[in-house]
Amino acid sequence: MQKIGHRGAKALVDENTIPSIEKAIELGVDAIEIDVHKCSTGELVVIHDETVKRTTNGKGKVVNLSYKELSMLRTEHMYKIPTLNEVLQVCKGKCKLHIELKGKGTAKAVCMLIEEVVANKEWAYDQLHVSSFDAKKINKVKARNSAIKVGLIAESKTNKAFAIAVDNAYDNLYIYHEKLRSRLVRMAKLKNINLYAWTVNKPADIKKIKALDISGIISDQPDLL
């Protein structure tokens, strides 16, 4: 079962920053989950929210800010917002990466970057996974490049999410841990779909999910996995 750091090591270091990712790697994760938006100048930046207000000292929507403007912002502990390319360089050869598509235009841009790093033999397709709550975004990725591993994220309506994953031949399914049931685990295995639980932080919950024998656990506290 893979140990996956949520936004790096979110509970320990400012989320979606290079130091947070480096901390997760230091703790021995198998993979890291991050979020990407596209800024006004086209760069893919690693940040969760549509706006920069919660996680930085700035304000405004990511899509309306240039990379230069974003690069001047700082998180609580004075870390900057990284680009997806920077994260790829830090993680290369150390762990896998699960890239969640958040903002508009991210599907094509992420595909292009993945194709580039694979062509340069820096990464392999099975090391980079693309995910989203939006099936339309995932289908855009599959339509462009079927070699890229993709998965749907679901917080509820797990049976519907499973049906979508099966119908579209997705590789992965990411389920909110409180909604994960053994029946779904059995069905996913029958259809060769990798199942991941998010975001599992309490020791009791981690123990419960580990007993289900799924593909991986995503946690803010990779030190507990």
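Residues are numbered from 1 along each chain as its sequence is written, and side-chain values use heavy atoms, with hydrogens and water left out. Because the model is predicted, local features need pLDDT of at least 70 and side-chain atom pairs count only at pLDDT 80 or more, whereas totals for chains, interfaces and linings use all residues.

Helices (H or I, at least four residues) and strands (E, at least two) are DSSP runs, numbered from the N terminus. Two packed helices are described by the angle between their axes and the distance between the axes. Axes are lines fitted to C-alpha atoms, for helices over the stretch in contact, and angles run from 0 to 180 degrees between N-to-C directions.

In their contact (heavy atoms within 4.5 Å), Ile 18, Ile 21, Glu 22 and Ile 25 of H1 meet Glu 86, Val 87, Val 90 and Cys 91 of H3. These residues comprise six nonpolar, no polar and two charged; Ala, Val, Leu, Ile, Met, Phe, Trp, Tyr, Cys and Pro count as nonpolar, Asp, Glu, Lys and Arg as charged, and the others, Gly among them, as polar.

Within H1, Ile 18, Ser 20, Ile 21 and Ala 24 are buried, which denotes under 20% relative accessible area (1.4 Å probe, protein chains only). They cover an arc of only 165 degrees around the axis, which puts them on the same side of H1; the arc is that of the directions from the helix axis to the C-beta atoms. The buried residues of H1 pack against strand E2 (31–38) and H3. Just after H1, Gly 28 adopts a positive phi of about 85 degrees.

The loop between helix H2 (67–71) and H3 contains Thr 75. Thr 75 is buried, its relative accessible area being 8%. Leaving aside residues up to four places away in sequence, Thr 75 touches Asp 14, Thr 17, Thr 55 and Thr 56.

The other pair is formed by helix H6 (residues 158–167) and helix H7 (residues 182–190), whose axes come within 11 Å and cross at roughly 5 degrees. That angle makes H6 roughly parallel to H7. Thr 158, Asn 159 and Phe 162 of H6 make the contact with Arg 183, Leu 184, Met 187 and Ala 188 of H7. By class, this contact has four nonpolar, two polar and one charged residues.

Conventions:
Buried means under 20% relative accessible area, exposed over 50%, partly exposed in between (1.4 Å probe, protein chains only). Angles under 35 degrees count as roughly parallel, over 145 as roughly antiparallel, 65 to 115 as roughly perpendicular and the rest as oblique.
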